[in-house]
Amino acid sequence: MKLELQGITKRFGPLVANDSIDLVIEPAEIHALLGENGAGKSTLMNVLFGLYTADEGKILLDGEERTFRGPRDALAAGIGMVHQHFMLVPVFTVAESVMLGHEDVRGGGLLDLETARRRVKELSDRFGFGLDPDAVVEDLPVGVQQRVEIVKALAREAKVLILDEPTAVLTPQETDDLIEIMRQLKDAGTSIVFITHKLREVKAVADSITVIRRGAVVGTAEPSASENELAELMVGRAVSLGLDKAVAEPGEETFVVEGLTVRDATDQTVVDDVSFAVARGEILAVAGVQGNGQTELTEAILGVLPSAAGSVTLEGRELRGCAPTRCSPRAWGSSPRTARSTASSSTSRWRRTWCSTCTTRSPSPKASGST
Ligand SMILES: Nc1ncnc2c1ncn2[C@@H]1O[C@H](COP(=O)(O)OP(=O)(O)OP(=O)(O)O)[C@@H](O)[C@H]1O
């Protein structure tokens, strides 16, 4: 199926998220939509999937203009979308997930789960997804949950599949597996719109590339373009992808996290005994696939989330248990009474114990903002 977007404009108040965008997706091609965060990629795809109504512009399928009042219309027209955040019900089985919103019924109005199970098995075998129709979604790794989302779209006969930053949540191995799946879908005649800002993946899998910047198409590129060329098109200036910095000469360790453990509202451990130290003048990177505790780690350090165990010290001062306003060196020195009232109003959701540092002396002047 050939898909054309002509002059799509979408505004959010004064902000023009999509500015007269033209895009053509050919049948059975993998088309990468490349752009920085906030460039307008998701907005454009949400217009295509019927989640947003465009202020201006047309959507044409095989030359015929179509109007989608919602995702149901888009699905019926053969457009499927796998969102950045999956739309699965954790306690459902794979077959139930695929059937949701598209329920087959047998005589007497009973749900026809057997047909859904067969459909999952058939699609899974055809594309090598390795899905068990009876597996429960919450027991599956993220990469497999993503395949469930893809099967949901394929079960509704999607001819165009939109994958919105699908590799953000995947490990490198899972990413390679997804790239293989994308190639197989393409060989079977499905067109794929692949939204990303990862240049290596674009070059590995895309047949054509459209680059969006600040809501407008700024160019198209061949997959043979270099990563530098693509990056320049994306950000609008020359970029250096090489390492262009002097060797660091870190000073003494000043910020130390030891054995930090965080549990979520259901008492699952989301940060498990994490320790690291950062020296003065050093940049420490925390790398990980999205959803593996980075957010909770940061929030626990800042005092936005309570931690179950461990310590967080800056210049030897224990910060664990401090409210965010009190963790800041700038706030050191205010009265303990203020600390308690600020915290209880802003973080009433969380049970809190207060660290002794919050309620004692201010630090030496050199502590402020030095790490
Ligand atoms: N519902 C909304 N209301 C107001 N502004 C929005 C809304 N959705 C998106 N925006 C704004 O529109 C612009 C484009 O956002 P969009 O999410 O489409 O970008 P993107 O390229 O998909 O970025 P990302 O990779 O971060 O998802 C951004 O400035 C964003 O803040």
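Asp187 counts as exposed in this predicted model, because it has 10 C-beta neighbours inside 10 Å, and a residue is exposed at 12 or fewer. Asp187 lies in helix H6, which covers residues 172–187. Its C-alpha atom is 8.9 Å from that of Glu29. In sequence, Asp187 and Glu29 are 158 residues apart.

Contacts of this kind of sequence range were also counted over the chain. Among contacts between residues at least 6 apart in sequence, 64% join residues at least 24 apart. The secondary structure comes to eleven helices and 14 strands. Of the 371 residues in the chain, 33% are buried.

The largest nonpolar core has 63 residues. Leu48, Ile162, Val193 and Phe194 have the most contacts inside it. Helix H5 (residues 142–155) gives the most to this core, with five residues. A second core is separate and has 13 residues. Leu297, Ile301, Leu305 and Leu314 are among them. Leaving aside residues up to four places away in sequence, Phe194 touches Ile30, His31, Ala32 and Leu33, among others. Its partners also include Leu163, Met182, Val205 and Ala206.

Helix H4 spans residues 113–127. At 1.5 Å a residue, its 15 residues should span 21 Å. The end C-alpha atoms of H4 are 21 Å apart, which agrees. The buried residues of H4 are Ala116, Val120 and Phe127. The face of H4 turned away from the buried side carries the exposed residues Glu114, Asp125 and Arg126. Just after H4, Gly128 takes a positive phi of about 65 degrees.

The ligand shell was examined next. Phe12, Leu15 and Ala17 are among the residues that surround the ligand. The shell also includes Gly35, Asn37, Gly38, Ala39 and Gly40. Lys41, Ser42 and Thr43 belong to the shell as well. By type, the shell residues divide into four nonpolar, six polar and one charged. Strand E2 (15–25) and helix H1 (41–48) each supply at least two residues of the shell. H1 gives the most, with three residues.

Notes: Residues numbered from 1 in each chain as written. Predicted model: local features only at pLDDT ≥ 70, side-chain atom pairs only at ≥ 80, totals over all residues. Near = placed C-beta within 6 Å. Helix = DSSP H or I, 4+ residues; strand = E, 2+ residues; numbered from the N terminus. Nonpolar A, V, L, I, M, F, W, Y, C, P; charged D, E, K, R; others polar. Core = buried A, V, L, I, M, F, W, Y, C linked by C-beta atoms within 7 Å. Buried ≥ 20, exposed ≤ 12 C-beta atoms within 10 Å, placed from the backbone. Contact = placed C-beta atoms within 7 Å. Expected span 1.5 Å × (residues − 1).
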